[in-house]
Each structure stands twice: as structure tokens, then as C-alpha cells.
Amino acid sequence: MKELRIGIIGTGMISNRHMTIWSHIPGTKVVAGCDIDQAKVRAWGERYGIPQEDLYVDFREMLKRDDLDAIDVCVHNNLHTPVSVAVMKAGFPCYCEKPMAASYADAKIIYDAAKATGQKLAVQLSSIYNLQTRLAKKMIEEGKLGKLYHARSVGHRREGRPGFDMPSFSRDFISKEVGVHGPLCDLGIYHLSQMLYVMGMPQLDTVFGVSSADYYQDPRLLPPGLAYEVEDLSVGIATFQNGVSLDIYEDWAMHMDEVGTSFIAGSLGGLKLIDVDTTGGDLALSEARRLAGGSAQQPTLEFFGYEDGLKTSKIINCQENGRKEAQVDPRIALYNDNQVHWAAYLRGELDDSTRIDSPYIAMETALLSDAIFISQAQHRSVTGEEVRAMSQSVALHRQETPWGVIEYDF
């Protein structure tokens with residue numbers, strides 16, 4: 001097996017999760033890293049044993065190398081488009097952290113760049129790589145829910161705004177310039193992408209949405225001159241061309257204990273999606289935590305319907321059953337993790353007919369999330385076609401760094 005040599009752009013918090021997963025995938029090795037913050041990238045290199053000569057502050061210098069097989073993009077939201085496009089234009093396959101972009105227009109720029117350059121592209125969507133998603137999709141395709149007519153996408157935290165209430169996260173999360181949007185473009189991407197995928201990628205018809213940032217903000221949590229600039233709540237109602245409606249609720253903070261879970265309702269049955277994977281599954285756990293018996297999230301399905309004329313419900317622990325499934329069919333492991341899936345695609349073990357098309361799923365998810373914000377700006381519901389036409393690029397064309405300015409061309 002040829003070793004896949006990977007370079008990472010962005011050595012912040014999310015890169016550590018990526019590094020943990022790469023360390024569990026045989027035949028892959030991260031050999032280079034880049035961050036505009038020299039102290040940060042040097043500390044990261046020391047942590048993972050990457051020599052100083054393989055560390056960069058300007059990713060364009062790293063892209064001049066001829067010994068890398070792929071690039072892992074771990075920068076923040078509004079840099080995904082310029083950096084991912086630059087990676088593919090330089091001749092490298094690109095694996096991009098979620099969200100694909102903060103607007104549909106920017107997501108489509110990445111999608112089109114992959115087509116134009118002929119480079120392979122994937123987007124990190126951990127929620128769709130597990131048995132919970134596969135089984136929900138299979139049950140729908142087999143007609144066990146009957147005719148779908150309504151679904152709900154839910155994400156809730158009692159209090160947890162990254163970069164604000166959660167100080168270990170980058171302040172970029174609450175920056176309008178870099179983060180752009182709040183919970184809907186953060187954890188909401190996992191919920192929306194899973195919902196679209198299991199329902200067969202229905203075409204968007206209309207959306208009405210609103211967002212707000214009205215949860216209490218303790219001024220002592222921000223240094224002078226820094227503001228909280230994104231939403232802490234987004235809600236909406238979407239309809240699709242197949243007649244299904246979807247209500248959307250995503251917050252980072254709400255004075256409420258429970259707001260329910262995601263579900264899909266059909267004429268013959270319904271599915272509740274419990275503990276949707278937003279952290280990366282078992283491979284995202286450190287080796288020490290794995291050896292100590294630690295566990296990741298526990299994606300679970302609860303089915304409600306009729307059997308032999310009787311109302312019934314069933315609970316399926318998808319994490320536990322997924323491990324058994326992988327023992328019976330080892331190849332299913334290729335579909336249980338983003339990065340395993342990506343590595344298999346790079347090696348040719350999966351092709352365009354057998355891989356999960358995460359770029360398309362992520363782009364259509366961006367269409368739905370962007371529709372919430374466009375609807376709010378228009379003070380009315382908007383159609384999917386209107387969103388495609390009205391969405392604008394908000395990605396950064398110019399980035400100031402501690403050592404100079406990067407001008408992006410995309």
C-alpha cells in the first residue's frame with residue numbers, strides 16, 4: 001500500500017481532531033503543516049513530531065512541494081473557499097473542513113473549481129458516515145416510513161458559544177469577517193446535511209427563516225474592542241419539491257433545558273435521530289481514551305410505527321451495532337469515517353460511483369443554510385432558485401497576517 005503523504009493548512013483546534021484520526025488510518029502520514037501564526041505551527045509540529053523544515057507560515061510555499069499527495073484544509077469558515085481553490089489550482093486533491101463555505105455562492109465556487117481542475121474534493125461531514133445515517137436512509141428507501149411529509153432538524157446547547165462562553169475555541173467563531181455565521185454554519189451543518197442525505201437529496205422549493213443574537217452576553221467575557229458579531233439562534237421552515245416540509249432549529253445558547261431532537265415523519269412510520277455524530281466517531285478519540293474504554297457519541301435511532309396493526313416503537317443503538325456490522329463486513333469501515341473514506345477515494349478503492357459525494361451534499365446544505373439568511377434579509381420566504389441567483393460570495397479575498405498580506409484569486 002502506497003503511503004499517502006498529507007499536508008495540513010491551519011493548525012488550530014480542529015486540526016488536532018484530524019491528526020488523531022489520521023494517526024488511526026494505516027498508510028497515511030501527515031508530513032507538513034502550515035499556520036499564519038509561527039508560534040502556533042511550531043508548537044503543533046513539536047506535538048506531532050513534524051520537523052521545523054516541514055512547517056510553514058505561508059501555505060503557498062507548502063504547495064510548491066512535489067512530495068505531497070493531498071491537502072487537508074483546517075482553516076475557518078470564510079477562508080475555505082480561497083484556500084481550497086488555491087490548493088486545487090496548485091494540483092492537489094483537497095479535503096475541506098465543514099462548512100464547505102458560509103454562502104451557497106462560495107460553496108459552488110469550490111465545487112466548480114474541483115470540476116475545472118479535475119482534482120478530487122471532499123468535505124468533512126461526520127454525521128453521514130455511520131450506521132445511524134445508513135440505516136435511516138435504507139429504511140426510507142425501502143418504504144418503511146411510507147410517504148415522507150415532514151422532518152425536523154435540531155441542535156441545542158444550554159450555553160456554549162465557541163470563542164465566547166467556550167474560550168478554548170478561536171475568536172474567529174464570533175467574527176463576522178471570518179466566521180460569518182453562528183450555530184447554523186457550525187453544528188447545524190451536521191444536522192442539515194444528514195437530513196438532506198437520508199431523505200435522498202430533495203430539491204429545495206421555498207424557505208422562510210430568521211436569526212437572532214439575543215441571548216445574554218456577559219461583557220466581561222470579551223476583551224476591549226472585540227464584539228460578538230454572529231447569531232446564536234437560527235430557525236426556519238423549508239419546503240421541497242417532493243412535498244416534504246422541514247423545520248429547522250439551531251442554537252448555541254438558549255434559556256431552555258430541552259428542545260427535542262431531529263426526526264423524520266412518514267405515513268407509515270417515523271424516525272427519531274438521537275445523538276447525531278458531530279465529533280468524528282470512534283477514530284476521533286485519542287489512543288489513551290480508546291484504551292481506557294472511552295466512547296464517542298452514541299448515534300441512536302428510534303422507530304415509531306405499526307407492526308401487525310399494533311402501534312410500536314423500537315430503539316436501535318447504531319454505534320454498538322455499527323461495530324458488529326464492521327466485523328461482519330470489513331469493507332463497511334470505508335463508510336464509517338470521513339478521512340478513511342477520503343483516503344480510500346484517493347487510493348482508488350472508492351470511485352465516483354461508490355463514494356459518498358460529500359461536496360455535492362455540502363453545497364446543497366449551504367444552499368439551505370444560506371436561504372435562512374437571505375430570507376431574513378428579504379423579510380419574506382425565498383425559493384431555491386432565488387437563493388441560487390441571489391447568493392453572494394463573502395469569502396476573503398485579502399488576508400492580513402503577522403508577516404504580510406495574502407491576496408486570493410478565485
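Mentor: The second largest pocket has a volume of about 440 Å³. A pocket here is defined on a 1 Å grid over the protein atoms alone, as an open set of points where a 1.4 Å probe fits, with protein on both sides within 12 Å along at least five of seven lines; lining residues have an atom within 4 Å of a point. Grid points are joined across faces, edges and corners, and the volume is the space filled by probe spheres set on the points. This is a predicted model, in which local features need pLDDT of at least 70 and side-chain atom pairs count only at pLDDT 80 or more, while totals for chains, interfaces and linings use all residues. Residues are numbered from 1 along each chain as its sequence is written, and side-chain values use heavy atoms, with hydrogens and water left out.

The lining of this pocket comprises 25 residues, and those closest to the centre are Asp-282, Leu-283, Gln-319, Arg-323 and Asn-336. At least two lining residues come from each of α6 (131-141), α9 (318-328) and α10 (338-347). The largest share, six residues, is from α9. Helices (H or I, at least four residues) and strands (E, at least two) are DSSP runs numbered from the N terminus. By type, the lining has nine nonpolar, nine polar and seven charged residues. Ala, Val, Leu, Ile, Met, Phe, Trp, Tyr, Cys and Pro count as nonpolar, Asp, Glu, Lys and Arg as charged, and the others, Gly among them, as polar.

Arg-134 belongs to α6 and Glu-325 to α9, so the contact ties together parts 191 residues apart in sequence. A salt bridge is a side-chain nitrogen of Lys or Arg within 4 Å of a carboxyl oxygen of Asp or Glu. Glu-325 is partly exposed at 22% relative accessibility; buried means under 20% relative accessible area, exposed over 50%, and partly exposed in between (1.4 Å probe, protein chains only).

The structure holds 26 salt bridges. One of them pairs Arg-5 with Asp-67 (3.0 Å, N to O). Arg-5 is in strand β1 (residues 4-9) and Asp-67 in the loop between α3 (59-62) and β4 (70-73), 62 residues apart. Both ends are partly exposed, Arg-5 at 26% and Asp-67 at 27%. These two residues also belong to a salt-bridge network with Asp-54 and Arg-65. Another salt bridge connects Asp-218 and Arg-220 (2.7 Å, N to O). Here Asp-218 is buried at 13%, whereas Arg-220 is exposed at 73%.

That leaves the backbone. Most residues other than glycine have a negative phi, and most peptide bonds are trans. The peptide bond from Lys-98 to Pro-99 is cis, with omega near -10°, and Pro-99 sits in the loop between β5 (94-96) and α5 (104-117). Val-180 has a positive phi, near 70°. Val-180 is placed in the loop between β7 (148-155) and α7 (188-198) and is buried, at 6% relative accessible area. Asp-308 likewise has a positive phi, near 55°. Asp-308 lies in the loop between β13 (300-307) and β14 (310-317), and is exposed at 84%.
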